[in-house]
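Morning, everyone. Please have a look at the chain on the screen, and then I will go through it.

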Amino acid sequence: MLNKIKNRCKGTSLQYSIFTNTSEIPINEWNAINEQHNLFLSLSYLRTLENTLADTIDFRYIIFYRRDEAVGIAVNQLIKFNPQDLKLQEFPCRISDTIKNTLIKSMDVRVLICGNLFSCGEHGFVYSDQITDQEAFENLSEALKEIRKTEKADKPSFILLKEFWPSSFTKSDYIKKQDFREFSIDVNMVLEVQKDWTSFNDYLASMKTKFRTRAKKVLKKSKELVIKDFTANDIEIHQEIIDALYLSVLDKADFKIGKLNAITFKNLKETLNDSFVFKGYFLEGSLVGFTTAFILDNIVEANHIGIDYSYNKSHDIYQRMLYDYVNLAISRKVGELRLGRTAEIIKSSVGAKPVEMKLYARHGNSLSNQLIKPLIELISPSEYEIRNPFKLQLG
């Protein structure tokens, strides 16, 4: 533990303790704040990430206290960004070459992230209603700056808070008073699962003829695929090909940061059981794709995938995966399917709608932090088109 006693930053109202390992965290205090049982904030999930990614990522955990009572928790990851992690020709924001070059020079540094590199959404900071929004983000900012100070050998140059849904913008914007700069990122594609969809056929019946015909064509082209729910043992057996399939998708990604692997997926399956779904896609006995998903309270969150692209066009593997995610959400009786960023057109063709998201950044140096402001303001999310596949406007 970095701080064995509770520390208080000058001018803030709360105390806090910082931990470097989940084994050091007081379980009851942590769980009392994570009362909504956010899976990505659960100690079992975090411990799995630690055990498999400790070689490339450092973890820092914070518990905030008021008069010895836990009132907030934060999950943080320390990672080094490198220019090789970015595909410059496919940079996800429309940025001038000057700005791009400035950012790239800054990327070969360590970054402190409050949130989860491996999941979109608010999985980094939770606090009780005993403290105000302003108070919460003020204390979070000070604790993050303190973590930065303690990293003497390789001090993070940037602090990043990722990433917030529109319903939280009013709260999260308080961090801007702590010299954090906000910027929008590419939208998250979200499908609202209708209550009258009790089967995949109900979903198809709600679509316009054009999109229903397209879906049936995809199902026909992909009918030779054999889809299997994997156990942890299955993941271990197919470990080598899973890593290769995952890498083939990662190589096409704009960012290649914080790479997972088959062992991580195996450990997640062992730890989370039915809350983590891993499906393998076989063609003539060979594994040609996989999908992963997390089952949250009323949400299915699509996560990492792997595809053998030599079969993608002939068998519509990727689009079949999207329809299978829809089917999973219906079968699990959740209200929302989160398909993540990128590929907006194809995701909208299955019914997902774009949802704006924001994150916040602060440079560790106060002068550099002033210089980052005009750069951030010129960054905007990628342009995209969307489709509406349903007969009626869903809402």
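Predicted model: local features only at pLDDT ≥ 70, side-chain atom pairs only at ≥ 80, totals over all residues.

Residues are numbered from 1 along each chain as its sequence is written, and side-chain values use heavy atoms, leaving out hydrogens and water.

First, confidence. pLDDT is the predictor's confidence in each residue, from 0 to 100. Its mean over the chain is 86, and 82% of the residues reach 70 or more. Over residues 86-100 it stays under 50. For that stretch the model has 32 contacts (heavy atoms within 4.5 Å) beyond four places in sequence.

Next, the overall fold. The chain has 14 helices and 13 strands; these are DSSP runs, H or I of at least four residues for helices and E of at least two for strands, numbered from the N terminus. Of the 395 residues, 55% are buried, meaning under 20% relative accessible area with a 1.4 Å probe, protein chains only. Among contacts with a separation of 6 or more, 74% join residues 24 or more positions apart.

Now the pair. How do helix H9 and helix H10 pack? H9 covers residues 239-250, H10 covers residues 262-272, and they pack at an angle of about 115 degrees with axes 9 Å apart. That makes H9 roughly perpendicular to H10, a label for angles of 65 to 115 degrees. Axes are lines fitted to C-alpha atoms, for helices over the stretch in contact, and angles run from 0 to 180 degrees between N-to-C directions. Gln239, Ile242 and Asp243 in H9 meet Ala262, Ile263 and Phe265 in H10.

Key:
Buried < 20%, exposed > 50% of the residue type's maximum accessible area, 1.4 Å probe, protein only. Parallel < 35°, antiparallel > 145°, perpendicular 65-115°, else oblique.
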